[in-house]
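Thank you all for coming; I would like to walk you through one structure this morning. Please take a moment with the sequence and the view on the screen before I start.

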Amino acid sequence: MQKRTESHTLITLSIVCALLLVTVLFAGCTSSTTQPVTTAATAAPASPDTPVGTPVASETTAAPATPAPATTTAAAVAATSTPAPVYTYSEGNVVAYTAASLSGVSPKLAADFEKMYPGHKVVFNLAGTQALKTQVVNGAYADVFISASNAYTTELTNGGYFVTGTVKPLTSNYVIVILPANNPANIKSLSDLAKPGVKIAMADKSVPVGSATTSAMGKMAKSTEFSKDWNTSVYSNVVTYETSEPAVASKVELGEVDAGFVYESTAIAGGDKYQSVSIPKTYNYLQTYTIGVMKQSTSKGAAADFENFMLSSVGQQDLKDYGFRSL
Amino acid sequence: MKPAGSLSEKYRRTLSYSLAGLLILAVTLYLALPVAALFFRTTPELFWSSLSDPLVISALWLSMTTSVISLAVVILVGTPFAYVHARTSYPGKVIVDTLIDLPLVLPPAVAGFALLVLYGRMGLIGRYFNMMGISIAFTTLAVIMAQIFVASPFYLRQAKSLFEQFDQSYEHTARTLGASPLRTFLTITIPLTASGLVSGAVMTFGRALGEFGATIMFAGNLPGVTQTMPLAVYVGMESNFNLGLTISILLVLISFAIMITVRLVTRKEVLHA
């Protein structure tokens, strides 16, 4: 009897040990090439031998955009960059690392993408572009990268992370100042931001909208309309440097700050949630978003499809509906 | 009857020893390797040069002062509270008992959001403070409040269970000898539960030092005012990788230093007793 329990404990011990070792090895060996679990596509198949980007003909009733322009852009993209497209169900998932300012429009984009390319699915990883860039550089898997800052796009391009020729300008955005709906500090113009006691939220300068804000503020400081003193007073009124653009907007929405520097798209899409004070174009900074297919992607066909969708009139219209400025 | 199978006995013993050794090795490596990796990612020159960066210094100073103040508040308020809670039975004790554990399971970001919604200038209580001209959110006070909220359960639970398990006959003896309740508490109860209380305090300090989610939600992120070391790591990691690395290493070193100091101090106490 004793012998049985002893061997029993030994067996349990060895199983536990083995499991722990496996876990440690697994944790240590998990590399950047871990692929996301792709769910099998359930929609009707499109013709597998046509080049990348051709939407299914039967879906014309649902898809508002005409297939023709999509095909030409697709053909152009396919001709210059993507490898010989092979449409298989396993290629149906797209992991899109996307700048956080597209959070509001992302559900619409996902729905319209699936309509245009039935069988494809897109999963958005929304965070500040600086956070996404750090993740990718440290081995995170992405099929598509939508960057809110040319600086980060250049950094990734120089690092060889994109498939050459797939990096395209996507849309643009100006910086704007939003105020809570009831405007507690009674801010009527940009000069009011320098009033003592006003609480302002900005994004950290590592966040694309943060560096855009810094540029705009710098331009205003050099101007005659505003001055260096105004600039200093505004910066002394800043109470927090948030780590993403939506975080700034939420502090304003909560009414905890009197003003926040965000993108125009947030102000437009937010509607009655905010009041806003615009920054004149002469001082403003036009942020250009870019989209690109990642070299490490194992679903380059689907990724290119997604890029085509975003550049198509459907994708562009969705972005415009949410306040983004078409290029 | 076989003689006490010495070979199979030895075999079994070596097997169980090696298995136990593997187990310990696996756990130790899993905890130690990530920390070691931090040190391997930088060079001593880079580390020392970035130590003088104003961002690092202000984050370090802010983190240390706020964590010490948070710990002091938790100990000063928490110890009498835990004693009363352990010794008396009052209506609603069960609810209070559960509430003490709440910050442990509540995600820190939720805690921060809740604090903001309560103490922010639009908050339930905060609006009255705001009317008096006192702002709580986005200040260093908010950092301390957030740290206290998330870190206090570590000390409270420890103190509470220590006092519950403490042999009251010591206290009764002291009382019969004429000591007042306060004197008994300070000279009998506390010294005998000190090592347990100190370990609770260490955990509280560590938790307060490492608090991120509640801080960034409730206090915001302003260098010199509310940017503690964990916030600086997060922001620095994306804009200045080396800075983030330096601050991470600093945090590791500080944590180790605290743990070692505490172990030495408490060991001394045991020797004397």
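In what order do the strands of the open sheet of 5 strands in chain A lie, and what pairing does the sheet have? Before I answer, please keep in mind that this is a predicted model. The order is β2-β1-β3-β10-β4 in chain A, and the pairing is mixed. Each of the edge strands, β2 at 121-127 and β4 at 168-173 of chain A, pairs on one side only. If we ignore direction, neighbouring strands of this sheet are turned by 20 degrees against each other on average.

Let me stay with one end of that order. Strand β1 of chain A, residues 93-99, runs parallel to β2(A), and 7 bridges join the two. Within this pair, Thr98(A) stands opposite Leu126(A) in β2(A). Helix α3 of chain A, residues 106-116, packs on the sheet and touches both β1 and β2 of chain A, with its direction making about 160 degrees with that of β2(A).

To place this sheet in its chain, chain A has 11 helices and 10 strands, and 45% of its 327 residues are buried. If we take the contacts in chain A with a separation of 6 or more, 80% of them are between residues 24 or more positions apart.

One loop residue of chain A deserves a remark, namely Asn186(A), which sits between β5 (175-180) and β6 (200-203) of chain A. Asn186(A) is not a glycine, and yet its phi is positive, at about 55 degrees. Is Asn186(A) buried or exposed? Asn186(A) is exposed, because 11 other C-beta atoms lie within 10 Å, and 12 or fewer is what counts as exposed.

Chain B has a residue with a positive phi as well: Phe138(B), again not a glycine, has a value of about 65 degrees. Phe138(B) belongs to the loop between α6 and α7 (140-165) of chain B. Phe138(B) counts as buried, because it has 26 C-beta neighbours inside 10 Å, and the cut-off for buried is 20 or more. Leu124(B), in the loop between α5 (108-119) and α6 (126-131) of chain B, is exposed, with 10 other C-beta atoms within 10 Å. The C-alpha atoms of Leu124(B) and Asn240(B) are separated by 39 Å, and these two residues are 116 residues apart along the chain.

Now to the overall division of chain B, which consists of domain 1 (1-40) and domain 2 (44-272), with 37 Å between the C-alpha centres of the two.

How far does helix α9 of chain B, residues 181-209, span between its end C-alpha atoms? The helix spans only 34 Å, whereas a straight helix of 29 residues would span 42 Å at 1.5 Å a residue. There is also a kink of about 65 degrees in α9(B), and it is centred on Ala194(B). Among the buried residues of α9(B) are Thr193(B), Leu197(B), Phe205(B) and Arg207(B).

Technical notes. Residues numbered from 1 in each chain as written. Chains lettered and ligands numbered in written order. Predicted model: local features only at pLDDT ≥ 70, side-chain atom pairs only at ≥ 80, totals over all residues. Domains from an automatic or database assignment. Pairing = 2+ DSSP bridges. Helix = DSSP H or I, 4+ residues; strand = E, 2+ residues; numbered from the N terminus. Axes fitted to C-alpha atoms, helices over the stretch in contact; angles between N-to-C directions. Contact = placed C-beta atoms within 7 Å. Expected span 1.5 Å × (residues − 1). Bend = angle between axes of the 7 residues up to and from the residue.
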